Amino acid sequence: MKKILRTLPVLALLILVSSCSSVRVAADYDKNTKFGEYKTFAFFKTGIDKAEISDLDKRRILRAIEAELLTKGYTKSENPDLLISLFTKSQQRVNVYNNAWGNGGWGWGPGWGWGPGWGWGWNQQPNVSTSIQGMLYVDLIDANKKELVWQGMGSGYLSRNMEKKEERIKEFVSKIMEKYPPGALQ
């Protein structure tokens, strides 16, 4: 029984970590748009400059979007059909976990009776952790009409680890761009 009780916190942590690794995505689009007619793209610098993230992260996001669109058969152009813009939001979350496991409590103590000693009891020190939840919006704008025709949004937890940051950005963009083009090409 003690072995099961010791593995429960570890199991809960694994479930929490695995649930935080996913990116939730959604997309919205103009149903009257014929997405099959778009063949070329360029980045909309004015919109991208307004994104409140570092220039390094902007370049990481733009490279990931470009790679996704090239894979889908689009061509980067000076005279594009689509303009790509983005914006971001983030919020820091503080998580407080009150653990019910730990040392210090009532158990068999030194001497001949019950008293304070080592045993299972309530640990009153909470665990506090912070995480950053980020949201990335990718906007596709009809270059001729100057109208938004598609928007993809991804949200999930961001890595503070610099080595994993680029991988996480690619995951965000890939999941978002799975939603484009919507349905079968029109």
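A salt bridge is taken here as a side-chain nitrogen of Lys or Arg within 4 Å of a carboxyl oxygen of Asp or Glu. By this criterion, seven salt bridges are counted in the structure. The model is predicted, so that local features need pLDDT of at least 70 and side-chain atom pairs count only at pLDDT 80 or more, whereas totals for chains, interfaces and linings use all residues. Residues are numbered from 1 along each chain as its sequence is written, and side-chain values use heavy atoms, with hydrogens and water left out.

The description of the interior rests on two terms. Residues are called buried under 20% relative accessible area, exposed over 50% and partly exposed in between (1.4 Å probe, protein chains only). A nonpolar core is a set of buried Ala, Val, Leu, Ile, Met, Phe, Trp, Tyr and Cys residues joined through side-chain atoms within 4.5 Å. The largest such core contains 27 residues, of which I65, L82, I84, V138, W150 and Y180 touch the most other members. Two or more residues are given to this core by each of the elements β2 (40-43), α3 (55-71), β4 (82-97), β7 (127-142), β8 (147-157) and α4 (162-177); helices (H or I, at least four residues) and strands (E, at least two) are DSSP runs numbered from the N terminus. For I84, contacts (heavy atoms within 4.5 Å) beyond the neighbours within four places in sequence are made with F41, A42, F43, F44, I48, I65, L69, V138, D139 and L140.

Helix α3 comprises 17 residues and spans 24 Å from its first C-alpha to its last, close to the 24 Å expected at 1.5 Å a residue. The expected span is 1.5 Å times one less than the number of residues in the helix. Buried positions in α3 are D57, K58, R60, I61, L62, A64, I65 and L69. After α3 comes G73, with a positive phi near 95 degrees.

Helix α4, with 16 residues, reaches 23 Å between its first and last C-alpha, close to the expected 22 Å. Its buried residues are K165, R168, I169, F172, V173, I176 and M177. These residues lie on the same side of α4 because they cover an arc of only 160 degrees around the axis, the arc being that of the directions from the helix axis to the C-beta atoms. E163 and E167, on the other side of α4, are exposed.

Side chains of opposite charge can pair when their charged atoms come close. K58 is buried, at 9% relative accessible area. In helix α4, E171 and R168 are likewise three residues apart, about one turn, and their salt bridge has its closest N and O atoms 2.8 Å apart. Of this pair, E171 is partly exposed, at 27% relative accessible area, while R168 is buried, at 10%.

A further salt bridge joins the side chains of R63 and E166 (3.9 Å, N to O). Because R63 lies in helix α3 and E166 in helix α4, the pair ties together parts that are 103 residues apart in sequence. R63 is partly exposed, with a relative accessible area of 46%, and E166 is also partly exposed, at 32%.

Aromatic pairs were assigned to rings of Phe, Tyr and Trp (its six-membered ring) with centres within 6.5 Å, planes under 30 degrees apart being stacked, over 60 edge-to-face and the rest tilted. Seven aromatic pairs are found in the whole structure. The rings of F35 and Y38 have centres 6.1 Å apart and planes at 65 degrees, and the pair is therefore edge-to-face. Both partners are buried, F35 at 1% relative accessible area and Y38 at 10%. F41 and F43 form another edge-to-face pair, with 5.9 Å from centre to centre and 80 degrees between the planes; F41 is buried at 0% relative accessibility. One aromatic cluster is formed by Y29, F35, Y38, Y74, W150 and Y180.

G183 is placed in the segment after α4 and is exposed, at 68% relative accessibility. G183 and F35 are 148 residues apart in sequence and 9.8 Å apart in space, C-alpha to C-alpha.
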